[in-house]
Amino acid sequence: MAALATGGGTPSDGATSFQRKVPASSRLAAIAGTRPSVRHGQLLLSSGLPSLDCVLGGGLAVGTLLLIEEDKYGIYSNLLFKYFLAEGIVCGHNLFVASAKEDPADILKELPAPLFDDVHKNQVDEKETAIKSKQESQESMKIAWRYQNLPRIEVSPAASARFGHYYDGSKMVSPELLQSTKWHRFFLPEEKSLHPEIKTCNMTCGYTRLLQSIQRIIYQEGFDGSYPQNKAIMERVTNLSDTVVGLESFIGSERETNPLYKDYQGLIHVHQIPRLNSLICDVSGTKDLAFRLKRKLFTIERLHLPPDLSDTVSRSSKQDLAESTKLLSSGCGAMAIGKKHLDF
Amino acid sequence: MFVELNELLNASPERPEQGKLTLLRDTKTDGSFLVHHFLSFYLKAGCKVCFVALLQSFSHYNIIAQKLGVSLTAAKERGQLVFLEGLKSCFDVLFGEEQHVGQTNPLRFVSEDGSNLKTMYEFVRTSLMASGSDSWKCPVLLVDDLSVLLSLGVRPVDVLDFIHYCRVAVCSQLKGNIVVLVHSNDDSEDEENELVVNSLCHQSNLILWAEGLATGFCKDVHGQLKIIQKGSSELKAERNLLRIYQYKIQDKNVTFFARGMSAAVL
């Protein structure tokens with residue numbers, strides 16, 4: 001099913017009615033799951049989350065390095081990794097999974113399954129049904145006839161399946177799909193036990209050794225959090241990476257219970273975006289981005305405060321918030337002060 | 001090259017200065033637009049350029065240089081530009097076969113003891129040495145960027161030694177210029193990097209410091225550029241000249257304006 005879904009490689013967007021006359025087998029779009037960027041002409045790869053792709057300016061350029069700063073307990077960053085790997089599986093790419101803590105085989109078993117919409121399945125199987133469904137929708141527009149010529153906007157989450165998929169967090173990926181993908185593994189405790197005397201140089205079978213030197217750096221900053229050199233290494237790695245995204249989850253902080261943030265699970269900071277082939281890059285205008293995780297969907301949105309719908313406008317709700325923040329900040333201190341809200 | 005920056009620096013491609021060390025510094029933002037400026041400036045001025053590019057690939061620089069009016073492939077072919085592509089050379093050193101690597105790869109230090117930049121210095125010197133048939137003006141060494149060398153395992157002392165040797169060879173003997181890019185942070189914990197940056201600040205004649213705005217991200221003003229020109233004579237103890245401008249980066253140009261005079265505000 002996945003092979004059918006991503007075969008063909010037509011770079012059409014699916015959401016516009018613009019049809020390219022150029023034959024689909026152009027050099028750039030030959031790899032499944034990628035598309036050329038408008039801005040700088042490099043091939044872009046999806047990071048597994050379409051909303052993260054939008055924030056990063058269309059996607060990850062092939063050949064760049066994405067660095068994700070973990071949130072406090074690493075829950076959401078693990079989720080991002082899994083989406084990235086699942087995207088690779090669905091597009092039929094080869095995977096290289098390197099891990100210092102968990103066995104890569106275990107990681108792969110826990111990947112989420114991709115979501116396919118019924119409409120999309122029909123389009124893949126037969127073109128006639130797609131045309132038919134279009135005609136049906138055209139007929140049904142009697143009142144809003146003006147909008148008939150506009151392309152259909154897909155409301156359901158399984159949009160443009162060529163680039164970027166949505167994943168169902170509750171279902172695991174099927175074992176057959178896993179079997180069909182080629183993947184390689186690098187598990188740090190394994191390597192260390194096999195080659196205990198490895199030094200930095202003498203790169204004989206380069207591949208795993210190179211990764212080992214990278215792993216050593218990650219190992220240092222992952223496990224030994226108390227090292228004073230830790231921050232320096234983080235700075236260096238940040239400067240060397242192309243794209244840097246930081247996650248800050250609300251778990252365990254006072255923001256978890258703050259009613260202003262009740263819709264979201266955390267914030268996303270985009271620290272760095274590469275400028276490839278150009279002096280400028282696609283920096284999005286909004287810097288307040290938050291993510292939310294529902295059962296099936298992980299989305300990144302612009303952070304906005306919920307509307308203030310209380311009867312007495314603002315005053316009392318502000319009082320409640322003031323109380324709650326006071327409680328959180330001062331422990332069980334004097335509560336009586338907060339009740340009186342002077343309003344002149 | 002950016003015309004406005006030339007006016008600010010009082011430089012023109014017809015009369016490039018000689019014997020100067022220019023330090024490009026960036027903090028909280030990306031200062032690589034300055035590297036592109038100097039690359040195209042010196043190529044237009046007719047100087048022989050040795051570009052040690054450790055950060056990006058050749059095509060990246062080429063595409064941007066074409067937007068600025070210079071073709072790097074043409075410059076390479078006529079011998080005006082010697083381009084060391086760090087990413088490719090590093091790959092050759094690590095994974096290449098023994099015969100191909102040889103003794104002359106300038107990045108040999110990555111697989112060896114990790115700190116000897118002598119081969120890189122030799123590479124720079126041989127490429128900038130004037131050969132008989134050349135008609136280029138003063139030679140220029142351009143490095144992008146020096147902080148990467150520290151990440152590759154070179155000690156800061158060796159980096160400073162390398163710059164010193166290059167200054168002697170390029171600035172004094174060959175009467176050329178050196179332009180170097182480094183990253184820095186205000187409250188950085190990376191002491192080795194800060195050591196290199198501070199030392200270079202004292203040695204250089206001109207410092208261009210690109211900083212992100214202290215107030216945060218802005219769409220119309222991308223950052224602020226501090227131009228520090230050292231006093232011309234140390235004996236007279238002239239003061240350094242410090243000027244601050246803000247800039248906005250566009251697709252083919254960078255506009256500079258006085259602080260607060262951004263086009264969006266006026």
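B:F38 is buried, because its relative accessibility is 4%, under the 20% cut-off. This is a predicted model. B:Y42 is likewise assigned by accessibility: at 6%, B:Y42 counts as buried. Helix α2 of chain B, residues 32–44, holds both B:F38 and B:Y42. Four residues separate them, about one turn of the helix.

B:Y42 also pairs with B:F41. That pair is edge-to-face, with 75° between the planes and 5.2 Å from centre to centre. B:F41 has a relative accessible area of 4%, so B:F41 is buried too.

## Aromatic pairs

A pair of aromatic rings is described by two values, the distance of the centres and the angle of the planes. Over all chains, the count comes to eleven aromatic pairs. B:F38 and B:Y42 form a stacked pair, because their planes stand at 25°, and planes under 30 degrees apart count as stacked. Their ring centres are 6.2 Å apart, within the 6.5 Å limit for pairing.

Chain B also holds an aromatic cluster. Its members are B:F2, B:F33, B:Y247 and B:F256.

## Charges over B:W209

Which residue places its charged end over the ring of B:W209, 3.8 Å from its centre? That residue is B:R25. B:K226 lies over the face of B:W209 as well, at 4.7 Å from the ring centre.

## Chain B as a whole

Chain B has ten helices and nine strands. Buried residues account for 54% of its 266 residues. B:F38, B:F41 and B:Y42 are among the buried ones.

Consider the contacts in chain B with a separation of 6 or more: 69% of them involve residues 24 or more positions apart. The accessible surface of chain B is about 12500 Å². Carbon and sulfur atoms contribute 50% of that surface.

## Chain A as a whole

Chain A contains twelve helices and twelve strands. It has 344 residues, and 33% of them are buried.

Contacts in chain A between residues at least 6 apart in sequence join residues at least 24 apart in 64% of cases. Chain A exposes about 21400 Å². Of this area, 57% comes from carbon and sulfur atoms.

Key. Residues numbered from 1 in each chain as written. Chains lettered and ligands numbered in written order. Predicted model: local features only at pLDDT ≥ 70, side-chain atom pairs only at ≥ 80, totals over all residues. Heavy atoms only, no water. Phe/Tyr/Trp six-rings, centres within 6.5 Å; stacked < 30°, edge-to-face > 60°. Helix = DSSP H or I, 4+ residues; strand = E, 2+ residues; numbered from the N terminus. Buried < 20%, exposed > 50% of the residue type's maximum accessible area, 1.4 Å probe, protein only. Lys NZ or Arg CZ within 6 Å of the ring centre and 35° of its normal. Contact = heavy atoms within 4.5 Å. Areas by Shrake-Rupley, 256 points an atom, 1.4 Å probe, with all protein chains shown as cover.
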